[in-house]
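Please open the model in your viewer and keep the selection tool at hand. The tour below moves from one selection to the next and says what is to be found at each stop.

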Amino acid sequence: MTERLTPDATGLAQAAGLLKAGDLVAFPTETVYGLGGDARSDIAVARIFEAKGRPRFNPLIVHVPDIAAARRLAHFDDRAERVASAFWPGPLTLVLPLRAEAGLSALVTAELTSVAIRVPAHPVAQGLLRAFGGPVAAPSANPSGRVSPTRADHVMEGLSGRIAAVVDGGASAVGLESTILGLVGEARLLRPGGIPAEVLEACLGMPLLTGADPARPTAPGQLASHYAPGAAVRLGVTTPSSGAVWIGFGPDCRGAAINLSETGDLVEAAANLFHALREADRLAFGVIEVAPIPDHGLGRAINDRLRRAAAPR
Ligand code: TXA
Ligand code: MG
């Protein structure tokens, strides 16, 4: 079911066509293989979380072919310009302030006001990004909690049957993920990786902070900027109270103001989730009630997000 594509013009055109259709394609980068989907499409990004079996909607890295494309998604200050021109394309990811007009799916950024961007150097990744012509969200192409893949065979072992295709570009040279440098506020090493921290410090001419930023906890949902509805949220509601806005799931929730998926499709529900919470908050006078969501597959990530929305604050 999962096609293995050649890393030539024919294979890349096929891969780009699948991405345009909202399907998932794994592809090589110099760090590890990425599991790519159209970063502007809620459904494609929801499919990424589903294929990986991720229990949470963590923000994903957005891949673009060059700095010009990156500047259309995020605001670059002098520091960002300096490290980007020194290390892109390459194994470096920058977390930068998101442009309001970037057009990315809210699922990619987990509704943060920042975005993680990478320009990979691998010629096959470059070829795919150019053939596709848009931003590609890509976590490592392995099931959640498993080791990152550095060969097409590793991708197949973990995800065969769950994704449309993998472009076989041989073994990844770096073999561990990109270094993530946070440049929202003070420069901070968010994840060690393919480019040593000392090398970044030399380029920036200053030491990097490390560890989580106490002012900006990295877990989405703890962040002040992370969206939580103003209305109170109650979960697992099968019989809504009068006056509450009811968010339904599945065909039995007739009368729901909003239905995450009429057919009970968890991918569709995930794609609609953030928009649904905002819309319900706009409609609600005080209370949002949400129908039970099955706690398997993507339902676990949906329920994780709903529990955060419902937590006392
Ligand atoms: O080498 C790599 O970086 C690979 C290849 C495929 O490019 N990608 C990768 O993606 O490792 P992923 O999704 O496994 O890692 C994304 C990391 C997560 O730790 C996430 O928390 C962080 O990036 N991240 C994404 N957006 C962020 C943001 N706005 N603020 C802070 N951290 C962010
Ligand atoms: Mg990973």
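This is a predicted model: local features need pLDDT of at least 70, side-chain atom pairs count only at pLDDT 80 or more; totals for chains, interfaces and linings use all residues.

Select ligand 1 together with Arg54, where an N or O atom of the side chain is 3.5 Å from an oxygen atom of the ligand; a polar contact here is a pair of N or O atoms within 3.5 Å.

Residues are numbered from 1 along each chain as its sequence is written, chains are lettered from A and ligands numbered from 1 in the order in which they are written, and side-chain values use heavy atoms, with hydrogens and water left out.

Now show the whole shell around ligand 1, meaning residues with a heavy atom within 4 Å of the ligand. Among its 21 residues, Thr31, His63, Arg118, Ser178 and Arg191 come nearest, and the shell divides into 11 nonpolar, six polar and four charged residues. Here Ala, Val, Leu, Ile, Met, Phe, Trp, Tyr, Cys and Pro count as nonpolar, Asp, Glu, Lys and Arg as charged, and the others, Gly among them, as polar. Strand S6 (114–118) gives the largest share, three residues; strands are DSSP runs of E with at least two residues, and helices are runs of H or I with at least four, numbered from the N terminus.

Next, colour the open sheet of 11 strands, which follow the order S1-S8-S2-S3-S7-S4-S6-S5-S9-S10-S11 with mixed pairing, two strands being paired if DSSP finds at least two bridges between them. Its edge strands are S1 (3–5) and S11 (209–210), each of which pairs on one side only. Within this sheet, S9 (179–182) and S10 run antiparallel and are joined by three bridges, and Gly182 stands opposite Arg188 in S10.

Which strands make up the open sheet whose pairing is parallel? Select S12, S15, S13 and S14, which lie in that order. Strand S13 (245–248) pairs with S15 (287–290) over three bridges, and Ile247 has Val290 in S15 as its bridge partner. Helix H8 (266–283) packs on this sheet and touches S13, S14 and S15, its direction making about 160° with that of S13; contact means heavy atoms within 4.5 Å, and angles run from 0 to 180 degrees between the N-to-C directions of axes fitted to C-alpha atoms, for helices over the stretch in contact.

Finish with two backbone details. The peptide bond from Trp88 to Pro89 is cis, with omega near -10°, and Pro89 lies in the loop between helix H4 (78–87) and strand S5 (92–97).

Notes: A polar contact is a pair of N or O atoms within 3.5 Å; within protein, one must be able to donate a hydrogen and the other to accept it, and residues adjacent in sequence count only if both atoms are side-chain atoms.
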